[in-house]
Amino acid sequence: MNFTLKIWRQRDAKSQGAFETYKVTDISADTSFLEMMDILNNNLIHEGKEPVAFDHDCREGICGMCSMHINGHAHGPSQAVTTCQMYMRKFKDGSTITIEPWRSAAFPVIRDLVVDRGAYDKILQAGGFISVRTNSVPDGNAIPIPKKDADESMDAAACVGCGACAATCKNGSAMLFVAARVSSLAKLPQGRVEGARRAKAMVAKMDELGFGNCTNTGACQAQCPKSISIAHIARLNREFLAAKLQD
Amino acid sequence: MSCFLTNSSVGKKLVMSISGCFLVLFILFHMSMNLTVLFSREAYNLICEFLGANWYALAGTAVLAFGVAVHFIYAFILTINNYRARGKQRYAVTVQEKGVSWASKNMLVLGIIVVLGLGIHLIHFWSKMQLVEVMHSQFALGIDANGAEFTVHPANGALLMAYTFSKWYNVVIYLVWFAALWFHLTHGVWSMFQSAGFANDTWYPRLKCLANIVATLIFLGFAVVAVVCFLKSGDYIAEMVNWTPGL
């Protein structure tokens, strides 16, 4: 397969970026998108040009590092997968593929397709954890948890923190990410204890870091590689409002 | 407690939700009131007399104006905030995400059309009715179909309605207004439950169905009155031109 790639190139956070066009040829249909990017970079290095910088790590859809906006979709046109799990057979042979970095004020571009997603880490540090003893291993079933709650918690915990939600949202809102974190812990007895403090702290940090306000369009769940539901946003709203009303 | 309604994203959305809910309830009342004119012009004017410049009607108007102002001002605050959060650099390629309604992404534009329509509506009716009574003036001036001046009692709402909708372009303006309101409500009605935290995956289809029903009821309720008044304007004007208040 042959493709024309329109890729955003930007030297650093302060530089003005622009699209550059590249050709890749003889790509196997079973090549993953990131492998195709590796082939492109290999060619560029051989030509003595600067390779395209992009984030990647596990390449099996669990680390949340890959972050490209491909043909208008976060993580490309495949449903419910990260960029690394998408294959070139998803694209039409000979087509032009436009690749952009996440666009959100809270995710500044560092270089080419790499953005700084440290804002999500800061939100997590504000309350996305539980405070427990960490020495001995507790019994697995010491606290019985209803299956429904465990399932909902796990669905929310599937969030890999890739930033696709804020990058997709027309308001640059991080609500789906924050909601997934708050929801996954709120549904479990271990996390329930700090539920009120967590919801308040994480929303406050999210607002402080310049993310926008959720207007319930649902674009985030449509583009989320882990299919996180906006029902978790409703739970975050409940958690936050209940916590504030108790103050 | 008051601060989270002004300084947190979730709190501000709750204000949008509650003020929106209040406005929907008012619109439903207004629509029901309007339908009276189809059955009895006398009965409609009786309601107009009841809702004149009495203290309760004025208090109601003040609360209503406050509700509109809050919903409007918060919408602008949130939108400016969201615009900043989105960042200066926008995507070169965007798509309409699956399951994302057009209305949900254009609520501000639809809201502005609704407010502009409201302005026209206030000039057509409120300024000739309640305002006239507040100004302690008995009559307002109108122009009849032949271009001659005539006086309208401020409680003669049925005549004003027939007179306003006797002009086809007013009917068109009002129908466009109702259509914008329909779009606004198809997203707004279910969205207010989500923002307040009362929603989940089971209830999304139900809430969205409810939103469509409410929006359509409101559209049809208002539209039928405008259209019938247009078709029967001659009869209604002849019937009500010599009406005198009964209360």
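Me: Which hand does the crossing of α2(A) and α7(A) have, left or right?

Reply: A crossing is called left-handed if the near helix is turned anticlockwise from the far one by less than a right angle, and right-handed if clockwise; the crossing of α2(A) and α7(A) is right-handed. This is a predicted model, in which local features need pLDDT of at least 70 and side-chain atom pairs count only at pLDDT 80 or more, whereas totals for chains, interfaces and linings use all residues. Residues are numbered from 1 along each chain as its sequence is written, while chains are lettered from A and ligands numbered from 1 in the order in which they are written.

Me: At what angle do helix α2 and helix α7 of chain A pack, and how far apart are their axes?

Reply: Two packed helices are described by the angle between their axes and the distance between the axes. Here helix α2 of chain A, residues 118-127, and helix α7 of chain A, residues 195-208, pack at about 150° with axes 8 Å apart. That makes the two helices, α2(A) and α7(A), roughly antiparallel, a term for angles over 145 degrees.

Me: Which residues of α2(A) and α7(A) meet?

Reply: Contact is judged by C-beta atoms, placed from the backbone, that lie within 7 Å. From α2(A) come A:K122, A:I123, A:A126 and A:G127, and they meet A:R197, A:R198, A:A201, A:M202, A:K205 and A:M206 of α7(A). Sorted by class, this contact of α2(A) with α7(A) holds five nonpolar, one polar and four charged residues.

Me: How do the axes of helix α8 and helix α11 of chain B cross?

Reply: In chain B, helix α8 (residues 157-164) and helix α11 (residues 233-240) have axes that come within 9 Å and cross at roughly 150°, and α8(B) and α11(B) are therefore roughly antiparallel. The crossing of α8(B) with α11(B) is left-handed. On the α8(B) side, B:A158, B:L159, B:A162 and B:Y163 meet B:S233, B:Y236, B:I237 and B:M240 in α11(B); the contact of α8(B) with α11(B) has seven nonpolar residues, one polar and no charged.

Me: In which sense do strand β1 and strand β5 of chain A pair?

Reply: Strands pair if DSSP finds at least two bridges between them. Strand β1 (residues 3-9) and strand β5 (residues 96-100) of chain A pair in the parallel sense over four bridges, and A:I7 has A:I99 in β5(A) as its bridge partner. Strand β3 (residues 69-70) of chain A runs antiparallel to β5(A), joined by two bridges, with A:I70 standing opposite A:I99.

Notes:
Axes are lines fitted to C-alpha atoms, for helices over the stretch in contact, and angles run from 0 to 180 degrees between N-to-C directions. Angles under 35 degrees count as roughly parallel, over 145 as roughly antiparallel, 65 to 115 as roughly perpendicular and the rest as oblique. Two residues are in contact if their C-beta atoms, placed from the backbone, lie within 7 Å. Ala, Val, Leu, Ile, Met, Phe, Trp, Tyr, Cys and Pro count as nonpolar, Asp, Glu, Lys and Arg as charged, and the others, Gly among them, as polar.
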